[in-house]
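Here's a quick briefing to read alongside the model. Have a look at the fold, then work through the points below.

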Amino acid sequence: MEYQIFGFLIGKDVRLDIDSRRLYRISSYGTERDFIFGTIIFSETMMQLFLYLLINARNKKVTKEELMKKIWEDNNLSASPQRLWQVLTALNIKLASLGLDENFIFNTKGQGYQVRHYDVIPLYCEKNRDVSAGLIYTS
């Protein structure tokens, strides 16, 4: 059986849905089970950047040159360090608005970018299967 990634679970209650380019948080607390819900919709470039970092920068640093090539140049977009900085800054602001660390993606000067969250789990489903009807597999 072949599987494809369709999203990520971040912590206990934040989920990224790749197809809809949405990141959302559903939290419950208290004895009455009050719910908190929040959602963010990403632009195509921001989604590609976030997804690339979740896949490639959880256990190692990714250089700005690699990000500019993979996200901008490989998609026939104009890359620049300034544009990368702008998108990363906006991305961290959006992530913080859902309660994630404001430095969820951090930069070690001269070394690269890395995801600063230890509880990021990829979610899989059977390839070419409607994810709303399928089981979720994690690694």
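Is Thr45 buried or exposed? Thr45 is buried, at 17% relative accessible area, where buried means under 20%, exposed over 50% and partly exposed in between, using a 1.4 Å probe and protein chains only. This is a predicted model, where local features need pLDDT of at least 70 and side-chain atom pairs count only at pLDDT 80 or more, while totals for chains, interfaces and linings use all residues. Residues are numbered from 1 along each chain as its sequence is written, and side-chain values use heavy atoms, with hydrogens and water left out.

**Around Thr45**
- Thr45 sits in helix 1 (helices are DSSP runs of H or I with at least four residues, strands are E runs of at least two, numbered from the N terminus).
- Leaving out residues up to four places away in sequence, Thr45 touches Ile71, Trp72 and Leu77 (contact means heavy atoms within 4.5 Å).

**Core**
- The largest nonpolar core has 34 residues, and Leu23, Phe42, Phe50 and Phe104 touch the most other members (a core is a set of buried Ala, Val, Leu, Ile, Met, Phe, Trp, Tyr and Cys joined through side-chain atoms within 4.5 Å).
- Helix 1 gives the largest share of this core, eight residues.
- Beyond neighbours within four places in sequence, the contacts of Phe50 include Leu23, Phe42 and Phe104.

**Exposed side**
- Phe35, in strand 4 (residues 34–41), is exposed, with a relative accessible area of 63%.

**Confidence**
- The protein chain averages a pLDDT of 87 (the predictor's confidence in each residue, from 0 to 100).
- Residues 133–139 fall below 50.
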